[in-house]
Amino acid sequence: MIDGLIDPLKFEFMRNALAMAIMLGVLCAVVGSYMIVQQMSIDGRHDFPLGAGGVADRCFLRSTPLCWCGSRRGDQHRCLSGIESQSRLKIDSVMALILASFLAIGSTLVTVLPGANRIDLLHILFGNILGVTRSDLLLTFGITILILIVVWLFYKELLFYTFDPLGAQAEGMPVRWYYLGIVTAISLTVVANLQTVGVLLMIAMLVAPGMTAYLLVKELHQMMLLGAGLGALAGVVGMYLSYYLDIPSGSAIVLVAFGLFLLAFLLSPSQGVLTQSRRLKAQEVGSLRNIGK
Amino acid sequence: MLQIQNLSVSYRGVDALQDVSCTFEAGELIGILGPNGAGKSTMVKAMLGLIRSAQGATMFQGKPLTQKLSQVAYVPQRSQIDWDYPITVWNVTMMARTAHTGLFRQPSQQSRELVKAALERVGMYNLRDRSIGSLSGGQQQRVFLARALAKQADLLIFDEPFAGVDRKTEDIMFEIFAELKSQAKTLLVVSHDLSETLEHYDRLILLNKRLIAVGSRREVMTAENLQVAYDSPLRFVAA
(Lines give C-alpha, C1' and ligand atoms only; values in the text may rest on other atoms or scores of the structure.)
Protein backbone atom coordinates (compact mmCIF):
# COMPACT_ATOMS: atom_id res chain seq x y z
CA MET A 1 0.00 0.00 0.00
CA ILE A 2 2.72 2.48 1.06
CA ASP A 3 4.82 1.42 -1.92
CA GLY A 4 1.83 2.04 -4.16
CA LEU A 5 1.64 5.61 -2.86
CA ILE A 6 5.38 6.26 -3.02
CA ASP A 7 6.09 4.60 -6.34
CA PRO A 8 4.61 7.35 -8.60
CA LEU A 9 6.52 10.01 -6.64
CA LYS A 10 9.78 8.75 -8.13
CA PHE A 11 8.87 10.65 -11.29
CA GLU A 12 9.29 14.41 -11.34
CA PHE A 13 6.27 14.89 -13.61
CA MET A 14 4.09 13.10 -11.02
CA ARG A 15 5.46 15.22 -8.14
CA ASN A 16 4.78 18.38 -10.16
CA ALA A 17 1.34 17.19 -11.18
CA LEU A 18 0.38 16.31 -7.58
CA ALA A 19 1.59 19.67 -6.29
CA MET A 20 -0.40 21.39 -9.03
CA ALA A 21 -3.52 19.31 -8.32
CA ILE A 22 -3.39 20.14 -4.60
CA MET A 23 -2.91 23.87 -5.21
CA LEU A 24 -5.73 23.98 -7.73
CA GLY A 25 -8.00 22.00 -5.41
CA VAL A 26 -7.55 24.69 -2.76
CA LEU A 27 -7.75 27.61 -5.19
CA CYS A 28 -10.83 26.31 -7.00
CA ALA A 29 -12.70 25.70 -3.75
CA VAL A 30 -12.15 29.26 -2.51
CA VAL A 31 -12.92 30.99 -5.80
CA GLY A 32 -15.64 28.48 -6.71
CA SER A 33 -17.42 29.17 -3.42
CA TYR A 34 -17.93 32.78 -4.50
CA MET A 35 -19.15 31.57 -7.89
CA ILE A 36 -21.69 29.30 -6.24
CA VAL A 37 -23.09 31.84 -3.80
CA GLN A 38 -23.16 34.49 -6.53
CA GLN A 39 -24.80 31.99 -8.88
CA MET A 40 -22.09 32.72 -11.43
CA SER A 41 -21.39 29.15 -12.47
CA ILE A 42 -24.29 29.04 -14.92
CA ASP A 43 -23.70 32.60 -15.97
CA GLY A 44 -21.59 32.50 -19.09
CA ARG A 45 -19.99 35.82 -18.24
CA HIS A 46 -17.46 34.14 -16.04
CA ASP A 47 -15.66 31.03 -16.96
CA PHE A 48 -16.38 28.74 -19.82
CA PRO A 49 -16.46 31.24 -22.68
CA LEU A 50 -13.49 32.96 -21.13
CA GLY A 51 -11.48 29.83 -21.57
CA ALA A 52 -13.10 28.89 -24.85
CA GLY A 53 -12.32 32.22 -26.45
CA GLY A 54 -8.84 32.16 -25.05
CA VAL A 55 -7.88 28.90 -26.75
CA ALA A 56 -5.54 30.61 -29.16
CA ASP A 57 -4.50 33.89 -27.66
CA ARG A 58 -3.63 32.27 -24.32
CA CYS A 59 -0.70 30.67 -26.04
CA PHE A 60 0.56 33.93 -27.46
CA LEU A 61 0.31 35.72 -24.14
CA ARG A 62 1.30 32.80 -22.02
CA SER A 63 4.02 34.76 -20.32
CA THR A 64 1.55 37.47 -19.31
CA PRO A 65 -1.61 35.71 -18.23
CA LEU A 66 -2.83 38.76 -16.36
CA CYS A 67 -3.03 40.76 -19.58
CA TRP A 68 -4.66 37.83 -21.30
CA CYS A 69 -7.35 37.19 -18.77
CA GLY A 70 -8.06 40.87 -18.33
CA SER A 71 -8.57 41.53 -22.02
CA ARG A 72 -10.42 38.28 -22.77
CA ARG A 73 -12.61 38.61 -19.72
CA GLY A 74 -13.39 42.19 -20.63
CA ASP A 75 -14.33 41.39 -24.25
CA GLN A 76 -16.84 38.74 -23.32
CA HIS A 77 -18.29 40.57 -20.37
CA ARG A 78 -18.80 43.68 -22.50
CA CYS A 79 -20.49 41.59 -25.21
CA LEU A 80 -22.87 39.93 -22.76
CA SER A 81 -23.66 43.03 -20.75
CA GLY A 82 -24.01 45.11 -23.89
CA ILE A 83 -26.48 42.77 -25.58
CA GLU A 84 -28.41 42.16 -22.36
CA SER A 85 -28.77 45.83 -21.41
CA GLN A 86 -29.55 47.10 -24.90
CA SER A 87 -32.26 44.60 -25.76
CA ARG A 88 -35.01 42.44 -24.31
CA LEU A 89 -32.93 39.28 -24.72
CA LYS A 90 -32.36 37.21 -21.58
CA ILE A 91 -28.91 36.33 -20.32
CA ASP A 92 -29.28 32.56 -20.95
CA SER A 93 -29.81 32.91 -24.67
CA VAL A 94 -27.17 35.64 -25.00
CA MET A 95 -24.76 33.42 -23.07
CA ALA A 96 -25.34 30.47 -25.38
CA LEU A 97 -24.61 32.62 -28.42
CA ILE A 98 -21.53 34.29 -26.97
CA LEU A 99 -20.16 31.00 -25.61
CA ALA A 100 -20.31 29.26 -28.96
CA SER A 101 -19.09 32.33 -30.85
CA PHE A 102 -16.02 32.82 -28.69
CA LEU A 103 -15.19 29.11 -28.96
CA ALA A 104 -15.47 29.54 -32.73
CA ILE A 105 -13.20 32.60 -32.62
CA GLY A 106 -10.67 30.69 -30.53
CA SER A 107 -10.55 27.66 -32.81
CA THR A 108 -10.41 29.92 -35.88
CA LEU A 109 -7.49 31.87 -34.47
CA VAL A 110 -5.62 28.59 -33.96
CA THR A 111 -5.64 28.03 -37.69
CA VAL A 112 -5.25 31.65 -38.81
CA LEU A 113 -2.69 33.30 -36.52
CA PRO A 114 1.00 32.84 -37.40
CA GLY A 115 2.65 30.18 -35.27
CA ALA A 116 -0.66 29.05 -33.79
CA ASN A 117 -0.43 25.66 -35.47
CA ARG A 118 2.04 24.75 -32.71
CA ILE A 119 -0.88 24.72 -30.30
CA ASP A 120 -2.28 21.36 -29.31
CA LEU A 121 -6.00 22.08 -29.19
CA LEU A 122 -6.68 18.87 -27.27
CA HIS A 123 -4.38 19.97 -24.45
CA ILE A 124 -6.19 23.29 -24.19
CA LEU A 125 -9.60 21.61 -24.21
CA PHE A 126 -8.79 18.74 -21.85
CA GLY A 127 -5.64 19.88 -20.06
CA ASN A 128 -2.27 18.21 -19.66
CA ILE A 129 -1.31 18.20 -16.01
CA LEU A 130 1.52 15.74 -16.64
CA GLY A 131 3.27 18.41 -18.70
CA VAL A 132 3.34 20.92 -15.82
CA THR A 133 6.66 22.73 -15.53
CA ARG A 134 8.30 24.46 -12.56
CA SER A 135 7.31 27.86 -13.97
CA ASP A 136 3.67 26.68 -14.21
CA LEU A 137 3.88 25.58 -10.58
CA LEU A 138 5.34 28.92 -9.52
CA LEU A 139 2.66 30.83 -11.42
CA THR A 140 -0.14 28.79 -9.84
CA PHE A 141 1.48 29.09 -6.39
CA GLY A 142 1.65 32.87 -6.83
CA ILE A 143 -1.99 33.08 -7.97
CA THR A 144 -3.12 30.84 -5.10
CA ILE A 145 -1.27 32.80 -2.42
CA LEU A 146 -2.41 36.15 -3.84
CA ILE A 147 -6.07 35.11 -3.93
CA LEU A 148 -5.98 33.52 -0.46
CA ILE A 149 -4.47 36.68 1.05
CA VAL A 150 -6.99 38.97 -0.67
CA VAL A 151 -9.92 36.77 0.41
CA TRP A 152 -8.59 36.68 3.98
CA LEU A 153 -8.17 40.48 4.10
CA PHE A 154 -11.53 41.33 2.51
CA TYR A 155 -13.55 38.38 3.79
CA LYS A 156 -16.19 40.32 5.72
CA GLU A 157 -16.66 42.88 2.93
CA LEU A 158 -16.98 40.16 0.28
CA LEU A 159 -19.38 38.25 2.54
CA PHE A 160 -21.63 41.31 2.79
CA TYR A 161 -21.38 42.07 -0.93
CA THR A 162 -22.11 38.53 -2.09
CA PHE A 163 -25.00 38.05 0.36
CA ASP A 164 -26.71 41.41 -0.06
CA PRO A 165 -25.22 43.49 -2.90
CA LEU A 166 -27.83 46.26 -2.60
CA GLY A 167 -27.36 46.48 1.16
CA ALA A 168 -23.59 46.68 0.71
CA GLN A 169 -23.98 49.40 -1.89
CA ALA A 170 -26.29 51.30 0.44
CA GLU A 171 -23.49 51.21 3.03
CA GLY A 172 -21.32 53.10 0.57
CA MET A 173 -19.06 50.10 0.01
CA PRO A 174 -17.14 50.05 -3.31
CA VAL A 175 -19.19 47.18 -4.73
CA ARG A 176 -17.89 47.59 -8.27
CA TRP A 177 -14.38 46.90 -7.02
CA TYR A 178 -15.57 43.81 -5.16
CA TYR A 179 -17.29 42.55 -8.29
CA LEU A 180 -14.18 43.24 -10.33
CA GLY A 181 -12.05 41.50 -7.69
CA ILE A 182 -14.17 38.34 -7.78
CA VAL A 183 -14.21 38.28 -11.56
CA THR A 184 -10.43 38.78 -11.66
CA ALA A 185 -9.96 35.93 -9.17
CA ILE A 186 -12.13 33.69 -11.35
CA SER A 187 -10.15 34.70 -14.44
CA LEU A 188 -6.81 33.95 -12.75
CA THR A 189 -8.12 30.61 -11.55
CA VAL A 190 -9.22 29.80 -15.10
CA VAL A 191 -5.72 30.60 -16.35
CA ALA A 192 -4.22 28.28 -13.77
CA ASN A 193 -6.74 25.55 -14.58
CA LEU A 194 -6.23 25.53 -18.34
CA GLN A 195 -3.05 23.49 -17.98
CA THR A 196 -4.57 21.00 -15.54
CA VAL A 197 -8.06 20.06 -16.59
CA GLY A 198 -8.49 22.22 -19.68
CA VAL A 199 -11.28 24.44 -20.84
CA LEU A 200 -14.03 21.81 -21.03
CA LEU A 201 -13.60 20.30 -17.57
CA MET A 202 -12.73 23.54 -15.83
CA ILE A 203 -16.23 24.45 -14.66
CA ALA A 204 -16.60 21.14 -12.82
CA MET A 205 -13.29 21.69 -11.02
CA LEU A 206 -14.27 25.24 -10.10
CA VAL A 207 -17.64 24.43 -8.59
CA ALA A 208 -17.57 20.75 -7.55
CA PRO A 209 -15.54 21.07 -4.28
CA GLY A 210 -17.50 24.15 -3.20
CA MET A 211 -20.84 22.55 -4.08
CA THR A 212 -19.94 19.44 -2.11
CA ALA A 213 -18.99 21.49 0.93
CA TYR A 214 -22.14 23.63 0.51
CA LEU A 215 -24.22 20.51 1.20
CA LEU A 216 -22.33 19.81 4.42
CA VAL A 217 -21.78 23.13 6.23
CA LYS A 218 -23.68 26.32 6.95
CA GLU A 219 -21.18 29.15 6.58
CA LEU A 220 -19.15 30.51 3.68
CA HIS A 221 -15.74 30.22 5.35
CA GLN A 222 -16.52 26.59 6.32
CA MET A 223 -17.52 25.96 2.73
CA MET A 224 -14.16 27.30 1.56
CA LEU A 225 -12.12 25.34 4.11
CA LEU A 226 -13.91 22.02 3.61
CA GLY A 227 -14.05 22.61 -0.15
CA ALA A 228 -10.27 23.22 -0.20
CA GLY A 229 -9.71 19.89 1.57
CA LEU A 230 -12.06 18.07 -0.78
CA GLY A 231 -10.54 19.76 -3.84
CA ALA A 232 -7.03 18.77 -2.81
CA LEU A 233 -8.23 15.22 -2.05
CA ALA A 234 -9.88 15.00 -5.49
CA GLY A 235 -6.62 16.18 -7.05
CA VAL A 236 -4.45 13.61 -5.27
CA VAL A 237 -6.85 10.66 -5.64
CA GLY A 238 -7.50 11.60 -9.27
CA MET A 239 -3.76 11.66 -10.05
CA TYR A 240 -3.16 8.22 -8.48
CA LEU A 241 -6.16 6.77 -10.33
CA SER A 242 -4.83 8.28 -13.52
CA TYR A 243 -1.38 6.74 -12.87
CA TYR A 244 -2.57 3.23 -12.05
CA LEU A 245 -5.59 2.95 -14.36
CA ASP A 246 -3.95 4.81 -17.24
CA ILE A 247 -6.81 7.24 -17.72
CA PRO A 248 -6.62 10.97 -18.56
CA SER A 249 -5.57 12.94 -15.46
CA GLY A 250 -7.95 15.89 -15.86
CA SER A 251 -10.93 13.58 -16.29
CA ALA A 252 -9.86 11.45 -13.31
CA ILE A 253 -9.64 14.51 -11.02
CA VAL A 254 -13.02 15.80 -12.13
CA LEU A 255 -14.62 12.35 -11.74
CA VAL A 256 -13.32 12.02 -8.17
CA ALA A 257 -14.61 15.53 -7.40
CA PHE A 258 -17.98 14.51 -8.87
CA GLY A 259 -17.95 11.28 -6.85
CA LEU A 260 -17.42 13.26 -3.64
CA PHE A 261 -20.27 15.57 -4.61
CA LEU A 262 -22.53 12.58 -5.27
CA LEU A 263 -21.74 11.15 -1.82
CA ALA A 264 -22.61 14.46 -0.15
CA PHE A 265 -25.72 14.83 -2.30
CA LEU A 266 -26.99 11.43 -1.18
CA LEU A 267 -25.68 11.25 2.39
CA SER A 268 -25.28 14.79 3.73
CA PRO A 269 -26.68 14.75 7.31
CA SER A 270 -28.72 17.91 6.74
CA GLN A 271 -29.47 17.93 3.01
CA GLY A 272 -28.74 14.44 1.66
CA VAL A 273 -31.46 12.96 -0.52
CA LEU A 274 -31.24 9.51 1.13
CA THR A 275 -30.88 10.96 4.62
CA GLN A 276 -33.96 13.08 4.19
CA SER A 277 -36.10 10.27 2.79
CA ARG A 278 -34.95 8.00 5.66
CA ARG A 279 -35.85 10.74 8.14
CA LEU A 280 -39.29 11.17 6.56
CA LYS A 281 -39.91 7.42 6.70
CA ALA A 282 -38.89 7.34 10.37
CA GLN A 283 -41.29 10.21 11.07
CA GLU A 284 -44.12 8.43 9.26
CA VAL A 285 -43.50 5.21 11.23
CA GLY A 286 -43.43 7.24 14.46
CA SER A 287 -46.74 8.93 13.64
CA LEU A 288 -48.37 5.59 12.72
CA ARG A 289 -47.20 4.09 16.03
CA ASN A 290 -48.65 7.05 17.92
CA ILE A 291 -51.97 6.59 16.14
CA GLY A 292 -51.85 2.85 16.98
CA LYS A 293 -51.44 3.64 20.67
CA MET B 1 -34.36 66.71 8.28
CA LEU B 2 -34.81 64.65 5.10
CA GLN B 3 -35.46 66.58 1.90
CA ILE B 4 -36.29 64.97 -1.44
CA GLN B 5 -35.95 67.56 -4.19
CA ASN B 6 -37.37 67.08 -7.70
CA LEU B 7 -36.33 63.43 -7.85
CA SER B 8 -36.85 61.80 -11.27
CA VAL B 9 -35.75 58.41 -12.59
CA SER B 10 -36.10 56.95 -16.07
CA TYR B 11 -35.34 53.49 -17.44
CA ARG B 12 -34.50 53.26 -21.13
CA GLY B 13 -36.36 56.48 -21.82
CA VAL B 14 -39.46 55.54 -19.80
CA ASP B 15 -40.21 57.64 -16.73
CA ALA B 16 -40.26 55.52 -13.56
CA LEU B 17 -40.50 58.48 -11.24
CA GLN B 18 -41.28 62.10 -12.06
CA ASP B 19 -40.29 65.13 -10.09
CA VAL B 20 -40.97 63.97 -6.52
CA SER B 21 -40.36 66.54 -3.80
CA CYS B 22 -41.15 66.31 -0.08
CA THR B 23 -39.60 67.08 3.31
CA PHE B 24 -39.67 65.13 6.56
CA GLU B 25 -38.59 65.91 10.09
CA ALA B 26 -36.56 63.71 12.42
CA GLY B 27 -38.68 61.34 14.48
CA GLU B 28 -41.25 60.67 11.78
CA LEU B 29 -42.49 57.29 10.54
CA ILE B 30 -43.32 57.71 6.88
CA GLY B 31 -45.19 55.17 4.76
CA ILE B 32 -44.62 55.08 1.00
CA LEU B 33 -47.72 53.70 -0.74
CA GLY B 34 -48.79 53.06 -4.28
CA PRO B 35 -49.72 50.27 -6.70
CA ASN B 36 -47.23 47.82 -8.22
CA GLY B 37 -44.81 49.60 -10.50
CA ALA B 38 -45.61 52.98 -8.96
CA GLY B 39 -41.94 53.71 -8.36
CA LYS B 40 -41.87 53.20 -4.56
CA SER B 41 -38.72 51.04 -4.48
CA THR B 42 -37.25 53.09 -7.31
CA MET B 43 -37.65 56.20 -5.18
CA VAL B 44 -35.73 54.83 -2.19
CA LYS B 45 -33.04 53.33 -4.43
CA ALA B 46 -32.61 56.66 -6.21
CA MET B 47 -32.45 58.47 -2.86
CA LEU B 48 -29.60 56.17 -1.76
CA GLY B 49 -27.80 56.40 -5.09
CA LEU B 50 -28.33 52.69 -5.82
CA ILE B 51 -29.75 53.65 -9.19
CA ARG B 52 -29.01 56.75 -11.20
CA SER B 53 -31.57 59.53 -11.00
CA ALA B 54 -32.32 61.63 -14.07
CA GLN B 55 -32.56 64.73 -11.92
CA GLY B 56 -33.02 65.86 -8.34
CA ALA B 57 -31.28 65.34 -5.04
CA THR B 58 -31.90 63.96 -1.56
CA MET B 59 -30.51 65.88 1.38
CA PHE B 60 -30.20 64.51 4.90
CA GLN B 61 -29.06 66.57 7.87
CA GLY B 62 -27.96 69.30 5.46
CA LYS B 63 -25.81 67.13 3.18
CA PRO B 64 -26.47 64.91 0.14
CA LEU B 65 -27.76 61.58 1.44
CA THR B 66 -25.11 59.69 -0.53
CA GLN B 67 -22.51 61.41 1.67
CA LYS B 68 -24.33 60.38 4.86
CA LEU B 69 -24.68 56.67 4.16
CA SER B 70 -22.97 55.83 7.44
CA GLN B 71 -26.12 57.23 9.07
CA VAL B 72 -28.50 55.14 6.96
CA ALA B 73 -29.74 51.58 7.45
CA TYR B 74 -31.38 50.05 4.39
CA VAL B 75 -33.35 46.80 4.37
CA PRO B 76 -33.98 45.62 0.80
CA GLN B 77 -36.95 43.64 -0.47
CA ARG B 78 -37.02 39.93 0.38
CA SER B 79 -36.70 39.03 -3.28
CA GLN B 80 -33.29 40.71 -3.43
CA ILE B 81 -31.81 38.20 -0.99
CA ASP B 82 -30.66 34.64 -1.67
CA TRP B 83 -32.06 32.88 1.40
CA ASP B 84 -30.04 29.73 0.64
CA TYR B 85 -26.78 31.63 1.18
CA PRO B 86 -24.57 29.80 3.70
CA ILE B 87 -24.61 32.29 6.56
CA THR B 88 -25.81 32.38 10.15
CA VAL B 89 -28.18 34.81 11.83
CA TRP B 90 -25.28 36.28 13.85
CA ASN B 91 -23.17 37.05 10.79
CA VAL B 92 -26.07 38.61 8.90
CA THR B 93 -26.63 40.98 11.81
CA MET B 94 -22.91 41.66 12.16
CA MET B 95 -22.93 43.03 8.59
CA ALA B 96 -24.37 46.21 10.08
CA ARG B 97 -20.94 46.82 11.65
CA THR B 98 -18.86 46.09 8.53
CA ALA B 99 -18.39 49.68 7.37
CA HIS B 100 -17.85 50.86 10.95
CA THR B 101 -15.23 48.18 11.60
CA GLY B 102 -13.15 49.17 8.58
CA LEU B 103 -10.85 47.17 6.34
CA PHE B 104 -8.55 44.44 7.65
CA ARG B 105 -10.04 44.57 11.18
CA GLN B 106 -12.23 42.32 13.26
CA PRO B 107 -15.47 43.62 14.85
CA SER B 108 -14.89 45.29 18.21
CA GLN B 109 -16.35 44.19 21.52
CA GLN B 110 -18.77 47.13 21.27
CA SER B 111 -19.96 45.90 17.85
CA ARG B 112 -20.53 42.40 19.25
CA GLU B 113 -22.54 43.86 22.13
CA LEU B 114 -24.64 45.98 19.77
CA VAL B 115 -25.37 42.93 17.59
CA LYS B 116 -26.29 40.87 20.65
CA ALA B 117 -28.60 43.61 21.96
CA ALA B 118 -30.26 43.99 18.54
CA LEU B 119 -30.88 40.25 18.21
CA GLU B 120 -32.26 40.11 21.74
CA ARG B 121 -34.56 43.04 20.99
CA VAL B 122 -36.16 41.20 18.05
CA GLY B 123 -36.23 37.89 19.91
CA MET B 124 -33.69 36.14 17.67
CA TYR B 125 -30.63 35.85 19.90
CA ASN B 126 -31.35 32.23 20.78
CA LEU B 127 -31.33 31.38 17.07
CA ARG B 128 -28.08 33.25 16.36
CA ASP B 129 -26.22 30.12 15.18
CA ARG B 130 -28.98 28.98 12.82
CA SER B 131 -28.66 29.33 9.04
CA ILE B 132 -30.67 32.23 7.70
CA GLY B 133 -32.34 29.84 5.25
CA SER B 134 -33.71 27.61 8.02
CA LEU B 135 -35.86 30.43 9.46
CA SER B 136 -39.44 31.39 8.64
CA GLY B 137 -40.12 34.51 6.57
CA GLY B 138 -41.07 36.48 9.67
CA GLN B 139 -37.93 35.41 11.53
CA GLN B 140 -35.77 36.34 8.55
CA GLN B 141 -37.31 39.80 8.47
CA ARG B 142 -36.66 40.19 12.19
CA VAL B 143 -32.99 39.38 11.59
CA PHE B 144 -32.84 42.14 8.99
CA LEU B 145 -34.55 44.48 11.44
CA ALA B 146 -31.86 43.55 13.99
CA ARG B 147 -29.22 44.36 11.38
CA ALA B 148 -30.79 47.80 10.89
CA LEU B 149 -30.88 48.36 14.67
CA ALA B 150 -27.24 47.33 15.11
CA LYS B 151 -26.21 49.97 12.60
CA GLN B 152 -27.45 52.67 14.99
CA ALA B 153 -28.46 54.81 12.03
CA ASP B 154 -30.46 58.04 12.09
CA LEU B 155 -32.39 57.20 8.94
CA LEU B 156 -33.87 53.73 8.44
CA ILE B 157 -35.34 52.68 5.11
CA PHE B 158 -37.37 49.46 4.76
CA ASP B 159 -38.49 48.17 1.36
CA GLU B 160 -41.63 46.03 1.74
CA PRO B 161 -40.71 44.78 5.24
CA PHE B 162 -44.13 43.24 5.88
CA ALA B 163 -44.21 41.01 2.78
CA GLY B 164 -44.60 37.39 3.89
CA VAL B 165 -44.32 38.04 7.62
CA ASP B 166 -46.54 36.76 10.42
CA ARG B 167 -48.66 38.91 12.71
CA LYS B 168 -46.21 38.54 15.61
CA THR B 169 -43.34 39.91 13.53
CA GLU B 170 -45.49 42.77 12.27
CA ASP B 171 -46.36 43.74 15.85
CA ILE B 172 -42.71 43.56 16.91
CA MET B 173 -41.70 45.70 13.95
CA PHE B 174 -44.23 48.46 14.65
CA GLU B 175 -43.28 48.36 18.34
CA ILE B 176 -39.62 48.88 17.42
CA PHE B 177 -40.51 51.56 14.88
CA ALA B 178 -42.26 53.45 17.69
CA GLU B 179 -39.17 53.16 19.89
CA LEU B 180 -36.92 54.42 17.10
CA LYS B 181 -39.24 57.37 16.50
CA SER B 182 -38.98 58.30 20.15
CA GLN B 183 -35.19 58.38 19.67
CA ALA B 184 -35.66 60.99 16.89
CA LYS B 185 -34.85 58.52 14.13
CA THR B 186 -36.51 58.98 10.74
CA LEU B 187 -38.11 55.87 9.22
CA LEU B 188 -39.22 55.35 5.63
CA VAL B 189 -41.29 52.23 4.97
CA VAL B 190 -42.34 51.09 1.50
CA SER B 191 -45.60 49.17 1.81
CA HIS B 192 -48.46 47.67 -0.15
CA ASP B 193 -50.64 47.38 2.89
CA LEU B 194 -53.64 49.72 2.95
CA SER B 195 -55.26 48.15 6.02
CA GLU B 196 -55.53 49.46 9.54
CA THR B 197 -51.71 49.40 9.89
CA LEU B 198 -51.74 52.82 8.20
CA GLU B 199 -52.60 54.35 11.55
CA HIS B 200 -49.03 53.67 12.71
CA TYR B 201 -47.57 56.14 10.22
CA ASP B 202 -47.15 59.83 10.95
CA ARG B 203 -47.21 60.71 7.30
CA LEU B 204 -47.89 58.93 4.05
CA ILE B 205 -46.58 59.38 0.53
CA LEU B 206 -48.91 58.20 -2.23
CA LEU B 207 -47.10 57.58 -5.50
CA ASN B 208 -47.90 56.47 -8.98
CA LYS B 209 -44.87 57.46 -11.03
CA ARG B 210 -45.39 60.96 -9.60
CA LEU B 211 -46.26 62.28 -6.18
CA ILE B 212 -50.03 62.13 -5.82
CA ALA B 213 -50.28 63.18 -2.19
CA VAL B 214 -48.19 63.57 0.93
CA GLY B 215 -49.42 64.22 4.44
CA SER B 216 -51.45 62.61 7.19
CA ARG B 217 -53.57 59.53 6.59
CA ARG B 218 -56.69 61.69 6.44
CA GLU B 219 -55.11 64.01 3.87
CA VAL B 220 -53.71 61.28 1.67
CA MET B 221 -56.25 58.45 1.69
CA THR B 222 -59.07 60.32 0.00
CA ALA B 223 -61.28 58.82 -2.68
CA GLU B 224 -59.88 61.23 -5.28
CA ASN B 225 -56.26 60.40 -4.48
CA LEU B 226 -56.94 56.67 -4.51
CA GLN B 227 -58.78 57.03 -7.79
CA VAL B 228 -55.73 58.70 -9.30
CA ALA B 229 -53.24 56.24 -7.77
CA TYR B 230 -55.07 52.95 -8.20
CA ASP B 231 -57.69 53.84 -10.78
CA SER B 232 -60.20 51.99 -8.57
CA PRO B 233 -61.43 53.80 -5.45
CA LEU B 234 -64.13 51.21 -4.68
CA ARG B 235 -61.56 48.74 -3.39
CA PHE B 236 -60.58 51.03 -0.54
CA VAL B 237 -62.20 52.87 2.26
CA ALA B 238 -60.95 56.40 2.51
CA ALA B 239 -60.07 57.68 5.95
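Biologist: What percentage of the 293 residues in chain A is made up of buried residues?

Modeller: In this predicted model, buried residues make up 44% of the 293 residues in chain A. A residue is called buried if 20 or more other C-beta atoms lie within 10 Å of its own.

Biologist: How many helices and strands does chain A have?

Modeller: Chain A has 15 helices and zero strands.

Biologist: Turning to chain B, why is strand β7(B) described as largely enclosed by the rest of the structure?

Modeller: Strand β7 of chain B covers residues 155-159, and five of the five are buried, so the strand is largely enclosed by the rest of the structure.

Biologist: Which residues show that both faces of β7(B) are covered?

Modeller: On one side stand Leu155(B), Ile157(B) and Asp159(B), and on the other Leu156(B) and Phe158(B); all are buried.

Biologist: How do you know that β7(B) pairs with strand β6 of chain B?

Modeller: Two strands pair if at least two bridges are found between them. Strand β6(B), residues 72-75, and β7(B) have four bridges, in the parallel sense. In one of these places, Val75(B) has Phe158(B) as its bridge partner in β7(B).

Biologist: What makes β7(B) and strand β8 of chain B a pair?

Modeller: The cut-off is at least two bridges, and β7(B) and β8(B), residues 186-190, have five, again in the parallel sense. Asp159(B) stands opposite Val190(B) in β8(B).

How values were computed: Residues are numbered from 1 along each chain as its sequence is written. Chains are lettered from A and ligands numbered from 1 in the order in which they are written. This is a predicted model: local features need pLDDT of at least 70, side-chain atom pairs count only at pLDDT 80 or more; totals for chains, interfaces and linings use all residues. Helices (H or I, at least four residues) and strands (E, at least two) are DSSP runs, numbered from the N terminus. A residue is buried if 20 or more other C-beta atoms lie within 10 Å of its own, exposed if 12 or fewer, and partly exposed in between; C-beta atoms are placed from the backbone.
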